[in-house]
Amino acid sequence: MSRPSPQQPSRPDAASSTRHGRLRRNGVWATVTKALASVVAVVLTSGAAVAAYAAFDLAATAKPTVTLGNEEVLDGVPDVGAIEGGVNLLVIGSDSRAGQGTGFGDPDEETAVLNDVTMLMHISEDHSHVEVISFPRDMFIDVPAGCTDPESGDELWEQYDVKINTVLSYGGVPCVVKTVEQLTGVTIPFAGVVQFMGVAGLSEAVGGVDVCVAEPIEDEYTGMFLDAGTHTLAGIDALQFLRTRHGVGDGSDLGRISNQQVFLSALARKLQSDGTYTDPVKLYGIAKAALANMQLSDSLTDPTRMVSIAKALKDTDLSKIAFVQYPTGYVDGGVAPTESAEVVNLALQNDTPVAFDPNAGAESTFTSTGDPSATPGEQPVAETPTEETPAEEPATDAPAETTAPEPTQQALPSDVTGQTAAETRCSAGRTLADQ
């Protein structure tokens, strides 16, 4: 399958120059005021003196924020308790080496700001299900008009057939949000961008994550070498596990996404099993790590709002937390969304839980594998979409007018891969001999 060469952004240096989202000058000071609201939550468990310290500590930790331009949709959203209604949050992983030391390459030489990880988390209106959509970095997409040059402030033209991982360089965080909004058809009022050391810090804040490795992982590029078995990863080890591409699956970015889903599903299980969602002290630690290590949208700089989003997840069944790889097919120079992408989009737009095809990924070389140590029947089986059965109506002379019931789940086509948080899957390791 061939594809014309993608058009390049209108600014010739767009893909290679360092770009950052436009910052609000008073972002940190605004957070000082917002952080005071967290006293209410913290004082319930730690007393007034510690609560006051916590609020100012969070404020002092915060980085300047970025404005997305759609924050008005959050008017009236509560600050205390579990957030009401649904949540769409975009997590962006930047490969910029700026400020990351020399352990990830020369920050003066490798200055491009690319969103190598782009993930959309959707929490349903009733908090009963969650979908986390991963978009391949080499996926060709269209960028809408209305993005703003982060340096000059000039409005940028729309772009066609550009790789999604160049959008952060082109128009900053707000432009990535606009692009994913156009692609999926949902509004995204929350966003955060994290660099290498931020991922390491966040993994330490949760106390590490236990991951399963089916075959040894050997990757000289990231320095990740793991034997088969279960490993507890935190800090740099967790970061390199999430970064490794050559050492898992087929060595592609699609294999890396499957590997990241292994980690994220294990993280979801850990957060529920150790009571993190109901422990204000643990939530405070994670909020502090996020404020210190991520550039957040204005909508996320209130620590109590971060806590309220986290609390929305505390009762969600792990089998209803789905990690979905956005369906793509190979084209000349990258990948492009397939027709199945519209099924994923509609599920997000209609707030419908998804169900994986049990045979999805069976023929793929990039997906993770089942836990080899699990006994038969131990692994959860993907649920088959069901329909509500209407109550029987008494017989009448005239035929009753009926309407088909809405499905309770959206069945995903067989080319949509992923897993639920209830499934313990293992990284499909790749040795140096296979590379």
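A search of the whole structure, which is a predicted model, finds 2 aromatic pairs.

Select Phe-135 and Tyr-326 to begin. Their ring centres lie 4.9 Å apart and the planes stand at 50 degrees, so this pair is tilted. Colouring by secondary structure shows that distant parts of the chain are linked here: Phe-135 belongs to strand β3 (residues 130-135), while Tyr-326 sits in the loop between β12 (321-325) and β13 (328-331), 191 residues apart.

Next, select Phe-241 and Phe-263. The centres of these rings are 6.2 Å apart and the planes are at 40 degrees, so this pair too is tilted. Phe-241 lies in helix α5 (residues 236-243) and Phe-263 in helix α6 (residues 253-273), so the pair ties together parts 22 residues apart in sequence. Both Phe-241 and Phe-263 are buried.

The crossing of the two helices is right-handed.

On the α4 side, select Phe-196, Met-197, Val-199, Ala-200 and Ser-203; on the α5 side, select Ile-236, Ala-238, Leu-239, Leu-242 and Arg-243. Coloured by residue class, the contact of α4 with α5 comprises 8 nonpolar residues, 1 polar and 1 charged.

Methods. Residues are numbered from 1 along each chain as its sequence is written. This is a predicted model: local features need pLDDT of at least 70, side-chain atom pairs count only at pLDDT 80 or more; totals for chains, interfaces and linings use all residues. Side-chain values use heavy atoms; hydrogens and water are left out. Rings of Phe, Tyr and Trp (its six-membered ring) pair if their centres lie within 6.5 Å; planes under 30 degrees apart count as stacked, over 60 as edge-to-face and the rest as tilted. Helices (H or I, at least four residues) and strands (E, at least two) are DSSP runs, numbered from the N terminus. Buried means under 20% relative accessible area, exposed over 50%, partly exposed in between (1.4 Å probe, protein chains only). A crossing is left-handed if the near helix is turned anticlockwise from the far one by less than a right angle, and right-handed if clockwise. Contact means heavy atoms within 4.5 Å. Ala, Val, Leu, Ile, Met, Phe, Trp, Tyr, Cys and Pro count as nonpolar, Asp, Glu, Lys and Arg as charged, and the others, Gly among them, as polar.
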